[in-house]
Amino acid sequence: MYPAGEKRFVKINRFTIFILFVVITAGGIVRSTGSGMGCPDWPKCFNRIIPPTHVSQLPAGYEEHYIEGRAKKNVRFAKLVEAFGFKELADKIRHDDSILKHEEFNAVKTWTEYLNRLAGVVAGFALLFSAVAAFTYIKSKPSIFVWSVLNLIAVVLQAWLGSIVVSTNLMPWIITVHMLLALIIVAISIYTYYMATTFRDKTILINYPSSGLKALAIFSLVITLVQVVYGTEVREAIDHLNYLGKERSTWIESIGGLYDVHRILAYVTLGITVLFFFLVKNRFSKLSIQSRYAWIVLILVLIQMASGITLARFAVPAFAQTTHLVIASLFFGAQYYLMLLMTKLKR
């Protein structure tokens, strides 16, 4: 049914989506273990392709050298931020001394961050190969090629933003932008996969639901994105409390209203997901891909709720932080794909 070139694109795109979630998982592990500054420079690690395993392998005077390099990069970044009208953020980048704080060498943290970067490199090449493979649609379905190229540009921007995350010593709002851009890249890959798989075979779209069901799917996705933003802000507050040396058992209660909104939105998300699940099950065959993804979305939201309760009740354990982030990303991806599967079949 599919020409060889289109089959190749679908396979590469499917792998790309998988590796993007691997990168998000690796990023979650980096953050929950505090390994974000395991490599003080970028793209190399201690100016090496293979990072050191012992303090004796570190370059002489590396602390001053990397701090100086980060300071220069931050000056340029502050000018860029100010050019977009964010003067207060630019001033904070210029005058926040904690940005240039040196972190002692830790081999485990260094290699954790290094493996995260390797996963990012693999994802970058996967998106490059996807863009090249998408050339097969240049005449038959040019939008697939355009979106694939735009995604390649987005991942280059993401790589640059990763260097800014390092140079600003994990400034919270930059990490939030970094996470949201990662979700955008995932969404574009899922969208091109959807377009490619339904281009020749539209049978999965035969049972078109009511417009109300499609609207509910979009609303549910918007709520999830808002929840992700609040979740990243909660995480930023936790990072700040950790930096101040507060006891883990006091973190949740110290966050205040921000956490309350995040928790309320979690229950709203759960309610909408359960409602949407039953509506899809009533509208589609139990063997349909829509029903299958309705189950996936429901299971993911239940796991996400369980990980959130674990974070709140057991003093924010690191493993639950990673689980919470990864499941949130998978939930967003499954939700988005299910929303696309609500698209009306053009006759």
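Why are Arg263 and Asp260 separated by about one helical turn? They are 3 residues apart in helix α9, and therefore about one turn of the helix lies between them.

Before that, some ground rules. This is a predicted model, in which local features need pLDDT of at least 70 and side-chain atom pairs count only at pLDDT 80 or more, while totals for chains, interfaces and linings use all residues. Residues are numbered from 1 along each chain as its sequence is written, and side-chain values use heavy atoms, with hydrogens and water left out. Helices are DSSP runs of H or I with at least four residues, strands are runs of E with at least two, and both are numbered from the N terminus.

Back to α9. Helix α9 covers residues 257–283, which is 27 residues. From its first C-alpha to its last it reaches 39 Å, close to the 39 Å expected at 1.5 Å a residue; the expected span is 1.5 Å times one less than the number of residues.

Arg263 forms a salt bridge with Asp260, and their closest N and O atoms are 3.5 Å apart. A salt bridge here is a side-chain nitrogen of Lys or Arg within 4 Å of a carboxyl oxygen of Asp or Glu. In general, side chains of opposite charge can pair when their charged atoms come close. Arg263 has 41% relative accessibility and counts as partly exposed; Asp260, at 33%, counts as partly exposed too. The cut-offs are these: buried is under 20% relative accessible area, exposed is over 50%, and partly exposed is in between, with a 1.4 Å probe and protein chains only. By that rule α9 also has buried residues, among them Tyr259, His262, Leu265 and Phe276.

How many salt bridges does the structure hold? It holds 3. The next one joins the side chains of Lys87 and Asp91, at 3.2 Å from N to O. Both residues lie in helix α3, 4 residues apart, about one turn of the helix. Lys87 is partly exposed at 48% relative accessibility, and Asp91 is partly exposed at 25%. Then there is Arg117 with Glu113, at 2.8 Å from N to O. These two are also 4 residues apart, this time in helix α4, residues 107–133, and so about one helical turn separates them. Are Arg117 and Glu113 buried or exposed? Both are buried. As background, an α-helix has 3.6 residues a turn, so residues three or four places apart point the same way.

Now the surface. Leu80, Phe84, Phe86, Leu157 and Trp160 form a nonpolar patch with about 520 Å² of accessible area together. Patch residues have over 30% relative accessible area and no salt bridge; like charges are joined within 9 Å, and nonpolar side chains (Val, Leu, Ile, Met, Phe, Trp, Tyr) within 5 Å. The areas come from the Shrake-Rupley method with a 1.4 Å probe, and for residues only the protein chains shown count as cover. Phe84 is exposed, because its relative accessible area is 63%.

Next, the inside. There are 3 cavities of 30 Å³ or more. A cavity is a set of points on a 1 Å grid over the protein atoms alone, where a 1.4 Å probe fits but cannot get out, and lining residues have an atom within 4 Å of a point. The largest cavity has a volume of about 150 Å³. Its lining has 18 residues, and the closest to its centre are Met37, Pro40, Phe46, His102 and Glu103. Helices α2 and α4 are the elements that give two or more residues to this lining, and α2 supplies the largest share, 5 residues.

Last, two backbone angles. Asn47 has a phi near 60°, a positive value in a residue other than glycine. Asn47 lies in the loop between α1 (4–32) and α2, and it counts as exposed at 52% relative accessibility. Val316 also has a positive phi, near 55°, and is not glycine either. Val316 is in the loop between α10 (289–313) and α11 (318–340). Val316 is buried, because its relative accessible area is 2%.

Terms used:
On a 1 Å grid over the protein atoms alone, a cavity is a set of points where a 1.4 Å probe fits but cannot get out, and a pocket is an open set with protein on both sides within 12 Å along at least five of seven lines; lining residues have an atom within 4 Å of a point. Grid points are joined across faces, edges and corners, and a volume is the space filled by probe spheres set on the points.
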